[in-house]
Amino acid sequence: MNHDIPSLTQSLRDFAQARDWAQFHSPKNLASALSVEAAELLEHFQWLTEEQSRTLAAPKKAEVAAEAADVLLYLLQLCDKLQIDLLEAARLKLAVNAEKYPVDRARGSSQKYTDLTDPKQGG
């Protein structure tokens with residue numbers, strides 16, 4: 001199997017078509033499913049310490065990988081339905097974030113961009 005996004009998206013289309021599931025794959029339903037899968041991913045980290053979340057045992061890591069895959073697959077299907085180029089959208093978002101979080105103001109800080117102080121203004 002080819003490992004690029006277009007071929008994975010086509011595989012998802014083929015999978016849904018073979019099962020006559022495209023009828024259920026509205027953007028609303030896909031966004032809902034994506035949210036559910038993201039919550040299932042998060043559930044694996046509930047109550048873990050920061051350190052525990054970084055050192056998952058192999059079986060737990062495999063479960064997390066399966067949930068992460070579900071998130072990716074629903075996101076790809078949603079973008080496919082809405083004709084969004086996910087890689088281009090991600091590149092644009094990264095550029096926007098680079099402007100919002102310039103290195104000299106954001107380095108080492110977890111503050112939202114609206115709360116970062118400008119070193120030029122002495123804040």
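Phenylalanine 15 is partly exposed, with a relative accessible area of 43% (partly exposed lies between buried, under 20%, and exposed, over 50%, using a 1.4 Å probe and protein chains only). The model is predicted: local features need pLDDT of at least 70, side-chain atom pairs count only at pLDDT 80 or more, and totals for chains, interfaces and linings use all residues. Residues are numbered from 1 along each chain as its sequence is written, and side-chain values use heavy atoms, without hydrogens and water.

**Aromatic pairs**

- Two aromatic pairs turn up in a search of the whole structure (ring centres within 6.5 Å, taking the six-membered ring of Trp; planes under 30 degrees apart are stacked, over 60 edge-to-face, the rest tilted).
- Phenylalanine 15 pairs edge-to-face with tryptophan 21, at 5.7 Å centre to centre and 70° between the planes.
- Tryptophan 21 is partly exposed, at 38% relative accessible area.
- Tyrosine 101 and tyrosine 113 also form an edge-to-face pair, with 5.8 Å between centres and 80° between planes.
- Tyrosine 101 has a relative accessible area of 31%, and tyrosine 113 has 30%.

**Packing of α2 and α4**

- Helix α2 (residues 27-43) packs with helix α4 (residues 58-81) at about 165°, with the axes 9 Å apart.
- α2 is therefore roughly antiparallel to α4 (over 145 degrees; under 35 is roughly parallel, 65 to 115 roughly perpendicular, the rest oblique).
- Residues in the contact (heavy atoms within 4.5 Å) include Leu30, Leu34 and Leu41 of α2 and Val64, Val71 and Leu78 of α4.
- By class, this contact of α2 with α4 has 13 nonpolar, one polar and five charged residues.

Key:
Axes fitted to C-alpha atoms, helices over the stretch in contact; angles between N-to-C directions. Helix = DSSP H or I, 4+ residues; strand = E, 2+ residues; numbered from the N terminus. Nonpolar A, V, L, I, M, F, W, Y, C, P; charged D, E, K, R; others polar.
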